[in-house]
Each structure stands twice: as C-alpha cells, then as structure tokens.
Amino acid sequence: MTDEELKAELLRRMEMDQAMRDPAKGFPGDRRLARLQRLDDGNTAWLYSVVATRGWPLISQVGERAARAAWLLAQHATSRAVQRLFHQVMADAVESDEASPRDLAYLEDRVRVRSGRPQLYGTQFHDGENGLEPMPIEEPALLDERRRAVGLEPFAEYEAFIRKTEAH
C-alpha cells in the first residue's frame, strides 16, 4: 500500500467512524450500537494490520489529517491489548514529531481508564449523578500543567465545553 493509498483509506474510515457516531444519523438504539461495534472491530483489525506491516502512519507519510484519522481509529479500538500497542507505537511517533502529543494524551487517558487506572489529562468523562463527570484523575493538582505540556487547553475550559456539548 502506498502512502497515498493509506492516506485515502484512513480518511475514508475516519469519515465513516464520525458519521456512525453522529446522533443525527444512523439507526436508533441496539441496531446502531451493533453497527458501530462491527465498524470499530473492522477498523481495529485493519489498523492493526497496517501497524504490523508498515508501522504507525506518520505525519510525513500521510499528512496531519490522515495521521489524526489513525489516532481516531486507535481511540475507538475494541481490543484493549491492541489499543495499548497503538498507544506504544504512537508514543514513539510523537517522540520523533511524527504524531500529535495532544492526540496521544487522549489515547493515554483512554488506555488508562479502560485498564482501571486514573487518567492523566482529564479527557475521559462518564455519566455521573450530576450529568457528565470526569473519570478519576491522577494527581489533579498537576492536571493543567500536564495538559499545557501537550498543547491542551486548561481543564476548566475543556470541562465547560464538554458540559455545553452535553446540553445540546
């Protein structure tokens, strides 16, 4: 697969992923969840095969938008073990400026939360008693410092955005 073919396929898969997650589209209830599960399973297997044969899709190979699409597919990976692998190879890409540290922060939190550990960046929320609430955060006093280091806005701004989005 050439870099251009990989770029086109990453972008195609990202568009399908986002269309399936758009509440205004798709099927209601269980049918939609089943279709989303199949889509995520397929994307996880496909991205795993890409990573196994050619490594993480790098910005220099596929451009920023398609590299971000690879992160999005990793974020929605259905296998925790495969998602941890994606996190590891994406972290290596971040070290060489070939992937976004900001995107990696979201994947880091997703991997931690799915493993039952507190998140580092405060990106993961769940339905709580008072609406959406952040999942547990490791060393909350250092949260904004960690967020700033990877290019994320202060947590209070992010939380306000999440709550505003929930209200719609």
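Biologist: Which helices cover the buried residues of H4?

Modeller: Among what covers them are H2, H3 and H5. Bear in mind that this is a predicted model.

Biologist: OK, and which residues of H4 are buried?

Modeller: Val82, Gln83, Phe86, His87, Met90, Ala93 and Val94. They sit on the same side of H4, because their arc around the axis is only 145 degrees.

Biologist: Why would residues a few places apart point the same way?

Modeller: An α-helix has 3.6 residues a turn, so residues three or four places apart point the same way.

Biologist: What's on the face turned away from the buried side of H4?

Modeller: That face carries Asp92 and Glu95, which are exposed.

Biologist: How far apart are the end C-alpha atoms of H4, and what span should its 16 residues have?

Modeller: The ends are 23 Å apart. At 1.5 Å a residue the span should be 22 Å, so the two agree.

Biologist: What happens at the start of H4, and just after it?

Modeller: At the start, a side-chain oxygen of Ser79 comes within 3.4 Å of the backbone nitrogen of Ala81. Just after H4, Asp97 has a positive phi of about 55 degrees.

Biologist: Back to His87. Is it buried or exposed?

Modeller: His87 counts as buried because its relative accessible area is 17%, and the cut-off is under 20%.

Biologist: What does the His87 side chain make a polar contact with?

Modeller: With the side chain of Glu108, at 2.5 Å. Leaving out residues up to four places away in sequence, His87 touches Leu104, Leu107, Glu108 and Val111.

Biologist: Val111, hmm. Which side chain has a polar atom 2.9 Å from the backbone oxygen of Val111?

Modeller: That's Ser115. Ser115 is in the loop between H5 and strand S1, and it is partly exposed, with a relative accessible area of 35%. Ser115 and Arg84 are 31 residues apart in sequence, with their C-alpha atoms 9.8 Å apart in space.

Biologist: Switching to the largest nonpolar core: which residues touch the most other members?

Modeller: Of its 41 residues, those are Leu10, Trp46, Leu47, Trp56, Phe86 and Met90. H1, H2, H3, H4, H5 and H7 each supply at least two residues of this core, and the largest share, 9 residues, comes from H3.

Biologist: And what is Trp56 in contact with, leaving aside neighbours within four places in sequence?

Modeller: Its contacts include Leu47, Val51, Trp71, Phe86, Val89, Met90 and Ala93. Phe86, Met90 and Ala93 are also among the buried residues of H4.

How values were computed:
Residues are numbered from 1 along each chain as its sequence is written. This is a predicted model: local features need pLDDT of at least 70, side-chain atom pairs count only at pLDDT 80 or more; totals for chains, interfaces and linings use all residues. Side-chain values use heavy atoms; hydrogens and water are left out. A nonpolar core is a set of buried Ala, Val, Leu, Ile, Met, Phe, Trp, Tyr and Cys residues joined through side-chain atoms within 4.5 Å. Buried means under 20% relative accessible area, exposed over 50%, partly exposed in between (1.4 Å probe, protein chains only). Helices (H or I, at least four residues) and strands (E, at least two) are DSSP runs, numbered from the N terminus. Contact means heavy atoms within 4.5 Å. The expected span of a helix is 1.5 Å times one less than its number of residues. The arc is that of the directions from the helix axis to the C-beta atoms. A polar contact is a pair of N or O atoms within 3.5 Å; within protein, one must be able to donate a hydrogen and the other to accept it, and residues adjacent in sequence count only if both atoms are side-chain atoms.
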